[in-house]
Amino acid sequence: MSLRLTFTILLLAGCLSGLRADWLDDIGYNKLAAELGAAMPTGAGITLIQSEANDIASPPNYLPQAGGPGSFAGTGIYADKTFFAESGAGTEFGHTQSVSSFYYISYSGVARGATQIHLYTATDFLSRLTAGSAPEVLPGRVQNHSWAGSYGSSAADQDALRNMDLMIHRDGSIVAVPLFNGAAMQGLLGNNYHAITAGLRSGNHSLGGTNTDGSGRMKPDLVVNVDLTSFASPAVAGSAALLLQEAIASGNTNAQKPQTIKAILLAAASKKPFPQWQRDTTAEPYDDVFGAGELSLYNAWHIQHAGEHAFSTSAEVPSRGWDFAVSTNASGGRRYFFTIPAGQVASTFSVALTWHRIVMGLFSLPNLNLKLYAASGLTAGTLISTSNSIVDNVEHLFHYHLPAGQYLLEVSSTANNISYALAWDAQLGAGPQLTATRDALGLITLNASELDPMVTYTIESSPTLLAPWTSEHTFRTADVTPTFQHTWQTSPSTDHLFYRLRWTPVR
């Protein structure tokens with residue numbers, strides 16, 4: 001059987017000097033580092049794996065520096081690293097170096113404190129997944145595989161994908177892979193169930209969902225503001241390494257589960273760069289292009305540190321947190337009540353549910369669903385939204401501007417005892433804002449900001465706060481191009497007026 005691999009990108013080492021730094025701002029790395037100071041996680045103590053699709057066979061070029069076989073000390077910019085040439089002695093590869101600059105290199109990588117890196121060629125990695133009766137146990141809990149390709153056989157690709165999912169489930173590995181930098185979805189490795197698949201904030205990655213081992217599942221999971229998917233994937237893997245470091249330090253084994261870390265990263269994803277972000281139907285958990293949104297390490301750290309909070313029908317959980325639990329097929333499912341305090345709104349509310357398919361014996365996918373209700377007195381009220389895909393092993397809900405009040409998250413299933421992770425994040429704020437300015441001619445300009453990009457708003461006026469309010473202007477933020485803001489100018493007037501913004505909330 002021959003393996004046909006397609007590189008996502010091939011670069012020379014000199015490209016490292018042109019590395020952009022703004023992506024670290026975009027994922028909230030720099031903001032979190034400024035907030036935490038010396039307490040900022042670095043991936044210290046986390047063993048990493050990196051595989052590369054080398055283009056020279058002997059010796060294979062797949063390493064950041066020439067070396068091996070076995071372990072060897074890094075030098076120069078890798079002086080603090082120990083490399084393990086698991087696929088034998090090899091030479092340096094520019095693509096490996098470029099990936100490392102986003103993954104673990106000391107001056108720019110997310111997991112810059114990680115010092116133990118095990119390296120494989122893509123073919124060797126796949127062989128270790130598929131050659132035996134079960135995947136080989138590999139030395140790293142966090143893995144990145146910045147390549148895409150295919151065996152040229154759907155059956156062989158499916159076998160590799162299933163063995164990777166089995167490895168993730170069995171070993172508690174957290175794996176990041178990229179989509180292809182092009183229209184065609186490659187068989188490997190983006191068609192996975194259990195890994196985290198990365199795309200680009202530009203949307204220049206393969207679209208249309210999975211086409212191997214089950215079609216129609218939504219990919220990517222997350223996007224990153226970099227030029228190539230080969231670089232998006234290590235940014236995700238590095239972020240996972242930081243969360244794993246914190247989870248291990250906490251002593252909570254549930255925090256270390258791949259389902260938990262994936263759910264936290266998905267719930268943390270930012271929609272701010274994408275006013276056009278939307279789910280087309282309740283059966284689709286993601287946006288067709290941007291997945292759950294842009295990677296946000298900042299939000300993820302805060303969700304993780306909000307702690308694990310168990311489902312309950314008699315008590316509330318905080319408005320931010322996570323849980324690792326098992327499903328029930330009983331009516332009402334697993335219930336999580338929370339409250340948005342009076343006088344505030346949840347400027348954004350995001351929740352993600354993840355679970356693994358059954359990987360022992362006959363592969364199958366349990367069906368779990370996610371619902372958000374208005375609630376009162378720990379009793380469900382009006383259903384607000386649902387995520388109920390029958391092909392994905394993630395569900396996701398997102399809302400702008402949840403009003404004050406009690407809410408219920410419900411995880412339901414047709415099966416008992418399926419392990420799942422749920423992560424949620426209500427970011428509290430004041431909601432949409434309306435400000436006014438008046439020029440010398442009496443022309444009033446109203447600026448509406450922090451809007452929901454998929455909602456109709458009405459500007460109303462009144463000469464006094466006690467007089468009736470008159471509708472002045474109605475607009476929909478998605479009429480032409482979805483947006484978070486709107487500007488409107490009134491006619492010149494000598495009278496003073498009060499203005500307000502009105503819309504129909506979700507409850």
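Start by selecting I459, which stands opposite H473 in strand β24. Strands here are DSSP runs of E with at least two residues, helices are runs of H or I with at least four residues, and both are numbered from the N terminus. This is a predicted model, in which local features need pLDDT of at least 70 and side-chain atom pairs count only at pLDDT 80 or more, while totals for chains, interfaces and linings use all residues. Residues are numbered from 1 along each chain as its sequence is written, and side-chain values use heavy atoms, with hydrogens and water left out.

**Stop 1: the sheet around β23**

Select strand β23 (residues 456-462) together with β24. The two strands pair in the antiparallel sense over six bridges; two strands count as paired if DSSP finds at least two bridges between them. Strands of a sheet pair through backbone hydrogen bonds, either parallel or antiparallel.

**Stop 2: S350 and strand β15**

Go to S350, found in strand β15 (residues 345-355). Is S350 buried or exposed? S350 is buried, with a relative accessible area of 4%. Buried means under 20% relative accessible area, exposed means over 50%, and partly exposed is in between, using a 1.4 Å probe and protein chains only.

Display the side chain of S350 and the backbone of A267. The side chain of S350 reaches the backbone oxygen of A267 at 2.8 Å. Leaving aside residues up to four places away in sequence, S350 touches L266, A267, K271, H396, L397, F398, A423, W424 and D425. Contact means heavy atoms within 4.5 Å.

Next, select strand β18 (residues 394-402). Nine of its nine residues are buried, so β18 is largely enclosed by the rest of the structure. β15 and β18 pair in the antiparallel sense over eight bridges.

**Stop 3: H169 in helix α5**

Select H169, which has its place in helix α5 (residues 154-171). H169 is partly exposed, with a relative accessible area of 40%. Which residues does H169 touch, not counting residues up to four places away in sequence? They are H194, H356 and V359. Show the side chains of H169 and H356: a polar contact of 2.9 Å joins them. A polar contact is a pair of N or O atoms within 3.5 Å; within protein, one must be able to donate a hydrogen and the other to accept it, and residues adjacent in sequence count only if both atoms are side-chain atoms. Then select R357. H169 and R357 are 188 residues apart along the chain, and their C-alpha atoms are separated by 8.9 Å.

**Stop 4: where α4 meets α5**

To see the contact, select L126, L129 and T130 in α4, which meet D159, A160, N163, M164 and M167 in α5. The residues of this contact divide into five nonpolar, two polar and one charged. Ala, Val, Leu, Ile, Met, Phe, Trp, Tyr, Cys and Pro count as nonpolar, Asp, Glu, Lys and Arg as charged, and the others, Gly among them, as polar.

**Stop 5: helix α3**

Select helix α3 (residues 94-103). Ten of its ten residues are buried, so α3 is largely enclosed by the rest of the structure. Among the buried residues are H95, F102 and Y103.

**Stop 6: backbone details in loops**

Select L188 and L189. The peptide bond from L188 to L189 is cis, with omega near -5°. L189 is found in the loop between β10 (174-178) and β11 (196-200). Move on to K219 and P220, where the peptide bond is cis, with omega near 10°. P220 is found in the loop between β11 and β12 (222-224).

D213 is also found in the loop between β11 and β12. D213 has a positive phi of about 55° although it is not a glycine, and D213 is buried, with a relative accessible area of 8%. End at N417, in the loop between β19 (405-413) and β20 (419-429). N417 has a positive phi of about 65° although it is not a glycine; N417 is exposed, with a relative accessible area of 58%.
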